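Please keep the sequence and the model in view while reading.

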Amino acid sequence: MQRRRRRRQEPPLRFEFAPPPPPTGPRQARRRRLRPLRFAAVLVLLFSLAVVSSLFGLMTAVAQQAPDYDQYAAGAHDPPQIGAVYARDPKKPTCRTAAPAEKGCWIRIGTLQGTEARVILGPNDISREMKSAIVAIEDRRFYEHKGFDPPGILRAVFNRVALGRREGGSTITQQLIKNTYLTPEQTVRRKFQEIFLAYQLERDVKSKPKILAQYLNTIYFGHGSHGVDAAARYYFNKKAKDLDVAEAALLAAIPKSPSEFDPLRNPGNARGRRDLVIDAMVAQGDISPAVGAKAKAAELVPADAKHEISYGLTRAPHFVEYVKELLKNRYGETVTFNGGLKVYTSIDLNEQAHAEKTIRDHLRGVGQSGTPLSGALVSIDPRDGEVRAMVGRSGAFNIAANGHRQPGSAFKPFVLAAAVRKGIQPDSEFVSRKIILQQDQAHYILVRNDFPRYSGPINLRRAMTESDNTVYAQLTQTVQPAAVVETAHDLGIVSPLDPNLAIGLGGLRIGVTPLEMAHAYSTLAARGRRVGGSILFHTPDAGYESPTQDPISILRVDHPDGRKDVNRPSSTPVMNDTDALSVIDSMRGVVNLEIGTGNAAALEGRAVIGKTGTTSDFKDAWFVGFTPQRSTAVWVGYVKPARSMARDYHGAPVFGGTYPAEIWHDFSRVALRDEARTDFPFSPGRQQDLYNVDVRRDPYVRAPFGCKGVQQLVMAVELRPADETTTCERGLTFVPDLHGLSRGRAADIADGQGLRFQYEFVAAEPGQDIDLVVDQVPDPGVQVPIDDPVRVFIARDVPLVRVPDVTGLSVAEAVAQLQAIRFRVVIEDGATDLEADDGSVVGQDQQAGTPAPRGAVVTIAVVGDVDTVEVPVVAELTVSEARLVLQGAGLTPSAERASGNGLARDDDVVIGSDVPAGQQVFPGSGITLRTGRRTAPRPVN
């Protein structure tokens with residue numbers, strides 16, 4: 001202790017230094033030795049810091065500017081894939097009512113395929129060999145990395161920089177991102193984006209098999225084969241899950257360069273790379289060397305391979321094409337053909353096959369000049385609005401859904417339905433007779449029955465049974481054509497309709513389709529409820545918004561993202577139940593009574609309600625009928641060009657009661673064999689009474705009988721006109737009997753009776769007097785309003801000329817051919833969905849081959865824009881004034897006295913012409929003016 005204490009007390013050591021020498025001159029700096037290793041280390045450290053900082057900044061910028069991964073995860077950039085159209089399996093009775101997608105009950109009947117034929121498969125739908133082959137050649141560490149492979153990237157960089165050899169460093173996950181989400185540009189920034197997104201994908205999906213399957217679904221294998229499913233079908237005619245080692249190796253070899261390694265065009269290159277893939281599979285331990293050797297010895301592609309991407313034949317092609325149109329309307333072409341939709345439909349394949357066979361059997365061997373007679377059929381279940389059968393195709397044209405044809409008398413139930421909705425009951429009577437009806441101020445139409453048979457006063461039920469044109473033309477005028485248009489649309493007709501008197505007889509400008517007619521009749525069968533779907537599969541310009549305007553063809557649409565669009569049956573009431581049953585009761589006689597026109601459609605033990613339809617030129621024939629379980633429309637005719645069927649039913653004309661009714665019968669007998677034999681209840685009827693109604697007013701007004709425009713109608717009491725008037729216009733006169741008179745004498749008597757005189761020449765029949773009246777309309781003794789027209793028919797001993805068939809010709813050729821044999825030609829708009837060139841004739845009113853006098857008017861329907869001249873109004877002008885007007889319009893006028901008393905003078909007044917005002921004719925056409933009284937007063941005897 002003392003020693004330690006002493007040590008602490010010892011003074012510290014002192015160092016003494018000699019003082020520095022005095023400066024002798026400028027001080028020199030001390031030189032240090034440079035150390036290279038230390039300097040290099042500092043440089044490397046600084047460079048590393050700069051690289052890390054740059055990479056960090058670049059990665060941060062890439063992460064901030066990378067495309068939105070959420071969109072990729074949500075499927076916004078899924079590759080195009082094909083869809084499928086399904087129907088219930090007809091071989092399994094238990095599947096008849098199967099719900100959409102019910103396992104084992106649905107079969108593919110069509111494919112929704114765009115430019116890329118791709119099917120998205122799951123991991124279990126691809127063979128193990130295929131997955132092993134693509135991993136072995138594309139990304140051997142696929143199951144080890146997290147989306148990108150740093151060793152692989154360094155190897156690729158080294159080989160490119162040091163050896164000048166291009167080698168990809170992308171993983172399968174990166175390639176999937178690049179193929180489906182990024183642009184193909186080759187930049188460092190895009191490469192980092194690819195790595196960044198690949199890492200996110202692996203982190204979120206957490207399923208290597210799923211990522212691998214997605215990749216195999218996206219890559220291109222050549223020859224239009226997008227995805228492994230299409231490639232397996234194209235090269236080997238098998239499914240991807242059935243590929244063996246050799247086949248899988250070949251497919252794995254192709255994507256690197258589909259043209260260089262094309263096994264069909266460059267089999268040597270393809271074989272060499274296939275064997276390279278097999279060696280890689282052996283090296284990976286996926287297959288044994290023995291299996292690899294056997295695979296190398298296998299042929300490249302089978303010799304009998306069809307080399308087509310086939311998913312089976314399209315069944316019910318008419319229907320499938322219609323479904324595609326609906327899908328395009330709803331989803332657009334891209335989603336329809338590239339969206340991988342699964343579409344479940346309503347078609348019954350048993351009924352469809354029977355419909356096709358029935359039409360084929362009835363119309364086999366029937367046709368003219370190598371053109372076969374065509375038929376179309378659409379059948380709908382009125383209980384749920386589902387389409388069960390659809391047949392009718394000409395080339396690429398679907399007649400059943402898009403063929404607009406004239407319905408003829410099959411439109412008459414819509415006229416009756418319009419009348420019943422207004423309160424007019426089927427007990428109302430009209431006079432069955434030839435009649436002239438005024439369309440507007442300048443136009444009158446002459447209405448006759450197809451057969452020269454008139455029944456006098458008959459009610460609307462009997463007129464329906466006999467298909468009396470004259471009665472239903474009068475009924476159309478009574479209810480107003482606009483009401484018929486409204487009712488037809490409410491029942492299910494969607495085509496545009498013109499409100500004119502011809503509509504009551506099915507004379508439409510555009511026509512209607514078999515699908516529309518079946519649906520409209522099904523509304524009657526559903527007792528006034530229009531049944532359709534809950535989804536509108538039409539574009540906004542369709543002209544209607546209610547989805548029940550279309551029957552149900554698509555039951556459900558499944559999207560790849562799990563969404564399901566379910567088209568449930570829904571209904572819109574358009575008629576009172578009692579009124580609908582009254583229309584049904586009025587139609588019963590068409591099939592069930594001997595005098596009905598549709599007897600051939602009768603089914604033993606079943607109530608069949610229907611109506612025939614035949615156009616006046618025999619170019620269209622229909623039978624549309626229904627039971628409580630089916631509403632079926634059948635059409636028969638020629639498609640392109642439309643032709644008369646005047647001799648096609650065993651040498652006789654084709655009426656609606658011939659082929660169409662027979663086809664309807666044979667189809668329905670089988671389609672309904674499992675359905676109960678039920679009937680519609682008879683209508684309880686409404687309380688009704690007889691009223692005198694002024695039908696010219698809207699709404700109707702009760703008025704005294706005998707007044708102008710007043711008709712006696714049986715009306716529902718609750719719907720009778722609310723108002724009544726005691727004053728009216730009583731300008732009525734009786735039609736005189738003009739038979740056997742000369743034209744001049746008949747004109748004088750008609751003029752004296754206050755009637756407008758009209759005439760036309762007809763070819764004299766044996767025993768008839770020449771130049772005398774042989775018929776007239778209206779009949780003698782009928783009371784009509786003053787200033788109404790009376791038309792007489794004067795026999796002429798003129799040579800008859802057969803009307804040529806000008807359908808299919810250009811308008812110039814048709815006019816030249818008709819004018820060469822001195823027919824007068826009127827041109828009308830032939831708007832149609834049929835395939836036809838602009839300026840071509842698609843129809844004519846005088847049927848080909850029938851005899852007609854020279855000078856008769858032949859009306860031709862022309863498609864497209866045609867240079868025509870509208871006949872101007874010249875009534876009440878003098879002949880000289882009318883000539884100037886016609887010549888100014890580019891027409892050639894002539895004149896004759898309507899009375900037949902001498903030549904027309906320039907100061908005579910024009911009362912009409914052989915071609916009515918408003919009609920379209922060819923430039924330069926001749927127009928004959930008919931003149932009446934002179935402008936000077938008549939001398940008094």
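Helix α23 is mostly covered, since eleven of its 13 residues are buried; buried means under 20% relative accessible area, exposed over 50%, and partly exposed in between, with a 1.4 Å probe and protein chains only. The model is predicted, so local features need pLDDT of at least 70 and side-chain atom pairs count only at pLDDT 80 or more, whereas totals for chains, interfaces and linings use all residues. Residues are numbered from 1 along each chain as its sequence is written, and side-chain values use heavy atoms, with hydrogens and water left out.

**Covered helices**

The buried residues of α23 include Tyr 659, Trp 664, Phe 667 and Val 670. Among the elements that cover them are α14 (349-363), β6 (374-381), β7 (386-391), β19 (621-626) and β20; contact here means heavy atoms within 4.5 Å. Helices (H or I, at least four residues) and strands (E, at least two) are DSSP runs, numbered from the N terminus. From its first C-alpha to its last, α23 reaches 18 Å, close to the 18 Å expected at 1.5 Å a residue. That expected span is 1.5 Å times one less than the number of residues.

Helix α10 (residues 245-253) is also mostly covered, with nine of its nine residues buried. Among these buried residues are Val 245, Glu 247, Leu 250 and Leu 251. Their cover includes α4 (128-138), α9 (228-236), α11 (267-284) and α12.

**A pair of helices**

Two packed helices are described by the angle between their axes and the distance between the axes. The axes of α6 (residues 172-180) and α8 (residues 208-218) come within 9 Å and cross at roughly 45 degrees. Axes are lines fitted to C-alpha atoms, for helices over the stretch in contact, and angles run from 0 to 180 degrees between N-to-C directions. The helices α6 and α8 are therefore oblique to each other, given that angles under 35 degrees count as roughly parallel, over 145 as roughly antiparallel, 65 to 115 as roughly perpendicular and the rest as oblique. The crossing of α6 and α8 is left-handed, a term used if the near helix is turned anticlockwise from the far one by less than a right angle, while clockwise is right-handed. Residues of α6 that take part include Ile 172, Leu 176 and Asn 179, and those of α8 include Ile 211, Leu 212 and Tyr 215.

**A mixed sheet**

Strands of a sheet pair through backbone hydrogen bonds, either parallel or antiparallel. Here, five strands form an open sheet in the order β2-β1-β3-β15-β16, and the pairing is mixed; two strands pair if DSSP finds at least two bridges between them. At the edges are β2 (106-112) and β16 (564-566), each of which pairs on one side only. On average, neighbouring strands of this sheet are turned by 20 degrees against each other, direction ignored. Strand β15 (residues 554-558) pairs with β16 in the antiparallel sense over three bridges, and Lys 564 in β16 is the bridge partner of Asp 558. Helix α13 (residues 317-338) lies across β1 (83-88), β2, β3 (342-345), β15 and β16, and runs at about 60 degrees to β2.

**Backbone details**

Most residues other than glycine have a negative phi, and most peptide bonds are trans.

| Cis peptide bond | Omega |
|---|---|
| Asp 698 to Pro 699 | about 5 degrees |
| Val 777 to Pro 778 | near 0 degrees |

Pro 699 is placed in the loop between β21 (688-694) and β22 (701-702), and Pro 778 in the loop between β27 (773-777) and β28 (783-785).

Ala 316 has a positive phi, near 55 degrees. This alanine, Ala 316, lies in the loop between α12 (289-297) and α13 and is buried, with a relative accessible area of 6%. His 650 likewise has a positive phi near 55 degrees. His 650 lies in the loop between β20 (631-637) and α23 (659-671), and at 68% relative accessibility counts as exposed.

**The chain as a whole**

The protein chain has 26 helices and 39 strands. Of its 941 residues, 50% are buried. Among contacts with a separation of 6 or more, 70% come from residues 24 or more positions apart.
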